[in-house]
Amino acid sequence: MDFFIGITLYLSVLCFFIFVLLMGPSSRFRNGPIGKLNNFLTVTLFGWIRQSYRGICGNRASATCDGLYNYFMEEKNPVLVIVYLTLLTGSILLFYITAWPNIPGHYLSDVHKYLVPIVIIFTYASYIIACKSDPGKITRDNVITACKMFEYDFLIFEPKECKTCVFLKPARSKHCSLCKMCVAKSDHHCSWINNCVGLKNYRYFLLFLYATVQICFYGAYLIYHIFLDIAKKMNLAEAWITSIQTGRRVRISTYQAALFLIHHERVLGALGIFALLVGLVILIFFCYQLSLVYNGTTSNEAFKWEEVEEIIMTGDLWVYEKVNYEESKKRKKKNKEVSEGKGRTTAIYWIQPARFRKNKSSEGESETNGENSKQLGRQVKSVSEVRNIYDKGLWGNFKETLFPPSL
């Protein structure tokens, strides 16, 4: 019983920290407790360790420590790739040692003898592809093509030069300091695959996440039915135990039978719990990535939209859109705001702090008269008023992810 409680707590804590490392930087958790814990584990804690090591061992030894810190935290390295492969391979070996002899069984047919190797090969293959695939590297040869691929919305992306690569940064791109390159439609740098996730390999990254979730849940499913088979062979359904509280003999409960089985098959039980917990953590991250695809955005853009939302909450974001003067009069008569088009946006957004706002009309609009046009300015009060020009709808977003345009 003590072993079962200990291994459960250990695996639960391990999965919690994996969840923190995966989801901490995301826009959903960045400003909350999960994000703060992630920052503590990846930045603050290492800073404390470096300072303590420098004080104890001196400057010469601390130089080595600084070098290791830079390697692990600021350079592309295969550490987490080794961790992932170690966990995956170790779990598979334990499965073959403890679970494979019980397949087939009363609850598992012969088909699993063939499915298990296929699932394992699929998991390794999807991981290798995700690690080795090109995320969409932007070079001087394809930068013009990359710039034509997505237009600038002048809100979260505007034309500017990459100071490292020394060329114009295309919209939706980002320079990765670890990979030392600009990546088209950059999502994030994933240390688990030691590669950036971008335009060309986002589909392979999703495939890798799916494969990991699949092997975890499939493994937990097999172990669960193996336990049912063991319980049937031991006839636990008809077992009686002596109650500690009353001293009477009573039928064993399902919970007590489960504890007995896990204590009896400790390694198999720990492996099943580990697979289930890790599968749940990766499933949450996988669903988050799918939600980004659904909304036509990326992890990098989600951070930017969160910043836009904060600006909107302070009342500092205004939108200006040129419209035909006569059309503007008609809209004012109908008491309607400037509508959003479906194609290229004509809206110009800017941050206008309250102390700089002057000459506003009574309706809260800044007006500039022209010969045949009028520029209307209004305060953006909700992020729903701002159109994401990169959102092409459900099918368009998934089509762009699964069949990305070539650079």
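1. Helices here are DSSP runs of H or I with at least four residues, strands are DSSP runs of E with at least two, and both are numbered from the N terminus. The peptide bond leading from Ile103 into Pro104 is cis, with omega near 0 degrees.

2. Before you go further, please keep in mind that this is a predicted model, in which local features need pLDDT of at least 70 and side-chain atom pairs count only at pLDDT 80 or more, while totals for chains, interfaces and linings use all residues. Residues are numbered from 1 along each chain as its sequence is written, and side-chain values use heavy atoms, with hydrogens and water left out.

3. Now for the overall picture. The chain has eleven helices and 13 strands. Of its 407 residues, 42% count as buried (buried is under 20% relative accessible area, exposed is over 50%, and partly exposed is in between, using a 1.4 Å probe and protein chains only). Taking contacts between residues at least 6 apart in sequence, 70% join residues at least 24 apart; a contact means heavy atoms within 4.5 Å.

4. The UniProt record (an unreviewed entry) places the feature "transmembrane region" at residues 6–24, 79–99, 111–130, 204–227 and 267–288. UniProt positions follow the numbering used here, feature names are shortened, and annotations may be inferred rather than shown by experiment. What does the model show over residues 79–99? That span is 95% helix and 0% strand, and its end C-alpha atoms lie 29 Å apart. Residues 111–130 are also 95% helix and 0% strand, with end C-alpha atoms 29 Å apart.

5. Three strands make an open sheet in the order S1-S5-S4, with antiparallel pairing. Strands S1 (137–138) and S4 (174–176) stand at the edges with a single partner strand each, so one side of each has no neighbour in the sheet. Two strands count as paired if DSSP finds at least two bridges between them; S4 and S5 (residues 181–183) are joined by three bridges. Within this pairing, His175 stands opposite Cys182 in S5.

6. Two residues deserve a look for their backbone angles. Lys180, in the loop between S4 and S5, has a positive phi of about 60 degrees although it is not a glycine. Its side of the story on accessibility is simple: Lys180 is exposed, with a relative accessible area of 55%. Phe154, in the loop between helix H5 (143–149) and strand S2 (161–162), also has a positive phi, near 55 degrees. Phe154 is partly exposed, at 46% relative accessible area.

7. Let us turn to empty space. Rolling a probe the size of a water molecule over the atoms shows where such space is left. On a 1 Å grid over the protein atoms alone, a cavity is a set of points where a 1.4 Å probe fits but cannot get out; a pocket is an open set with protein on both sides within 12 Å along at least five of seven lines; lining residues have an atom within 4 Å of a point. Grid points are joined across faces, edges and corners, and a volume is the space filled by probe spheres set on the points.

8. How many cavities of 30 Å³ or more does the structure hold? There are five. (Ala, Val, Leu, Ile, Met, Phe, Trp, Tyr, Cys and Pro count as nonpolar, Asp, Glu, Lys and Arg as charged, and the others, Gly among them, as polar.)

9. The second largest cavity holds about 90 Å³. Its lining has two nonpolar, six polar and three charged residues, including Arg172, Lys185 and Glu400. Helix H11 (residues 393–402) gives the most, with three residues.

10. Finally, the second largest pocket holds about 630 Å³. Among its 25 lining residues, Tyr224, Phe227, Leu228, Ala258 and Leu261 lie nearest the centre. H6 (202–233) supplies the largest share, seven residues.
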